[in-house]
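Trainee: Could you walk me through this one before I set anything up? I'd like to take it piece by piece.

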Amino acid sequence: MLEWILRSIVGFIILIIAAKMMGQRSISGLRFLDFIIALTLGNIIAHPLSDEHLGLKGAVTSTFSIVIFYIAAIWLSLKIPVIKQFFDPPATPLIMDGKLNYRNLSKAKLSIEFLYAELRKSNVEDISKVAFAAWEPGGTLSVFLNTAYQPVTPADLKLTTQPFNLTKPIITDGHIEHALLREIGKDLVWLETEIRPHGINSVILATVDSKRTIQVHVIREPGTL
């Protein structure tokens, strides 16, 4: 039992390290190369975790070999257009000026029902309202409405707006984000002053915005840990 637990821990750690080496792209939208890698790594790790006669040495070697091949393929695709075209093809236009390109729809191996389902996710019920829609390599549909159907913005009405005010959590689950404190040029004494009358140990969630304004959202109930 202990051996199987250790195998699982080692396999889990290996996958974490491999995913970290491959970068954020491999865990966002699965493209062609990402899908192949994910499928391959899953099989490599799964076999030694399910078969007691297989050691982890071969799986570890294979995993990191595949990761190196993946990184090399990504690097080559950035340098050589032909390889980029193979691994990361351009988006396929499906709708132009409200008209469906049925040939590209067949090329992307999508049905009309699936296209409408994807359009509904973007709150679009009529193809004629779409200025441009394309099927992305990551398996998502990008949709741009005609200007007549786009929401009116303050810029369209020439209204004066306030600058964007970004809010970030500075205390989460009772833990202070010291890196954020350093980023905004403040210290712990300033934070304690800003959250009064609440004690810093009683705050579960607090945020700070671009104007250095602190808001306390959740307080720990007395008597709770």
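Mentor: Let me begin with a strand pair: S7 and S8 are antiparallel partners, joined over five bridges. Strands here are DSSP runs of E with at least two residues, helices are runs of H or I with at least four, both numbered from the N terminus, and two strands count as paired if DSSP finds at least two bridges between them. Bear in mind that this is a predicted model, in which local features need pLDDT of at least 70 and side-chain atom pairs count only at pLDDT 80 or more, while totals for chains, interfaces and linings use all residues. Residues are numbered from 1 along each chain as its sequence is written, and side-chain values use heavy atoms, with hydrogens and water left out.

Trainee: Okay, which residue stands opposite threonine 207 in S8?

Mentor: That is glutamine 215. In the hairpin of S7 and S8, five residues separate the strands, and arginine 212 has a positive phi near 65°.

Trainee: And what is the strand order in the open sheet?

Mentor: The four strands are arranged as S6-S5-S7-S8, with antiparallel pairing. At the edges are S6 (175-176) and S8 (214-219), each of which pairs on one side only.

Trainee: How many bridges join S5 to S6, and how many S5 to S7?

Mentor: S5, which covers residues 168-172, is joined to S6 by two bridges, and isoleucine 171 stands opposite isoleucine 176 there. With S7 (residues 203-208), S5 pairs over four bridges, also in the antiparallel sense, and in that pairing lysine 168 faces valine 208.

Trainee: Switching to charges: how many salt bridges does a search of the whole structure find?

Mentor: The search finds three, a salt bridge being a side-chain nitrogen of Lys or Arg within 4 Å of a carboxyl oxygen of Asp or Glu. One of them joins glutamate 183 to lysine 168, with the closest N and O atoms 2.9 Å apart. Since glutamate 183 lies in helix H7 (residues 178-183) and lysine 168 in strand S5, this pair ties together parts that are 15 residues apart in sequence.

Trainee: Are those two residues buried or exposed?

Mentor: Glutamate 183 is exposed, with a relative accessible area of 55%, whereas lysine 168 is partly exposed at 29%.

Trainee: And which other pairs form salt bridges?

Mentor: The side chains of glutamate 125 and lysine 129 meet at 2.4 Å, N to O, and glutamate 125 is exposed at 51% relative accessible area. Glutamate 118 also forms a salt bridge with lysine 121, where the closest N and O atoms are 3.0 Å apart. Both of these residues lie in helix H6, three residues apart, or about one turn of the helix.

Trainee: Is glutamate 118 buried or exposed, and what about lysine 121?

Mentor: Glutamate 118 counts as buried, because its relative accessibility is 12%, while lysine 121 is exposed at 63%.

Trainee: Which residues of H6 are buried, then?

Mentor: In H6 (residues 112-121) they are Leu115, Glu118 and Leu119. Seen down the helix axis, they fall within an arc of 100°, so they line one face of H6; the arc is that of the directions from the helix axis to the C-beta atoms. The face turned away from that buried side carries the exposed residues Glu113, Arg120 and Lys121.

Trainee: What covers the buried residues of H6?

Mentor: The cover includes strands S1 (92-96), S2 (99-100), S3 (130-135) and S4 (141-145), as well as helix H5 (102-107), with contact meaning heavy atoms within 4.5 Å.

Trainee: And what follows H6?

Mentor: Asparagine 123 follows H6, with a positive phi near 60°, although it is not a glycine. Asparagine 123 sits in the loop between H6 and S3 and is exposed, with a relative accessible area of 69%.

Trainee: Last one: where is the cis peptide bond?

Mentor: The bond from arginine 196 to proline 197 is cis, with omega near 15°, and proline 197 belongs to the loop between helix H8 (188-194) and S7.

Terms used: Buried < 20%, exposed > 50% of the residue type's maximum accessible area, 1.4 Å probe, protein only.
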